[in-house]
Amino acid sequence: GLWLGCGLGKTIVTLEAISVLRDYGLKRAAIVAPARVIATAWPKEIKQWGLDLSWQWLTTHNWDEAIAAKPDILFIGCEDLALKPSVLNRNWPNDY
């Protein structure tokens with residue numbers, strides 16, 4: 001399963017799955033992760049593996065801009081959800 005320890009490939013497996021699912025019609029994905037991991041691991045892995053995936057970090061402060069950018073991946077910090085769970089009640093586009 002995906003309950004693996006640090007450094008065992010969860011990030012790249014998830015990114016590769018998103019890349020493959022795009023071939024089958026997936027338009028966008030939302031990923032909830034710790035802010036520290038979003039800030040360091042995810043962008044580094046996207047770049048390191050040369051994946052053609054655009055991304056935005058969705059916060060309560062940049063909601064409209066991040067959604068309007070229509071990135072392949074929206075990252076949401078789990079801390080943001082804990083501090084402001086109403087973010088889940090916002091209007092989500094149909095393709096997320």
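Trp 55 has 32% relative accessibility, so Trp 55 counts as partly exposed (buried is under 20% relative accessible area, exposed over 50%, partly exposed in between, with a 1.4 Å probe and protein chains only). The model is predicted: local features need pLDDT of at least 70, side-chain atom pairs count only at pLDDT 80 or more, and totals for chains, interfaces and linings use all residues. Residues are numbered from 1 along each chain as its sequence is written, and side-chain values use heavy atoms, leaving out hydrogens and water.

Now the rings. Rings of Phe, Tyr and Trp (its six-membered ring) pair if their centres lie within 6.5 Å; planes under 30 degrees apart are stacked, over 60 edge-to-face, the rest tilted. By this rule there are two aromatic pairs. Trp 42 and Phe 75 have ring centres 5.2 Å apart and planes at 50°, so this pair is tilted. Trp 42 sits in helix H2 (residues 35–48) and Phe 75 in strand S3 (residues 73–77). The two are 33 residues apart, so the pair links distant parts of the chain. Helices (H or I, at least four residues) and strands (E, at least two) are DSSP runs, numbered from the N terminus.

Trp 42, at 6% relative accessibility, counts as buried. Phe 75 is buried too, at 0%. Phe 75 also pairs with Trp 55, edge-to-face, at 5.8 Å centre to centre and 65° between the planes. Trp 55 lies in strand S2 (residues 55–58), 20 residues from Phe 75 in strand S3. Together, Trp 42, Trp 55 and Phe 75 form one aromatic cluster.
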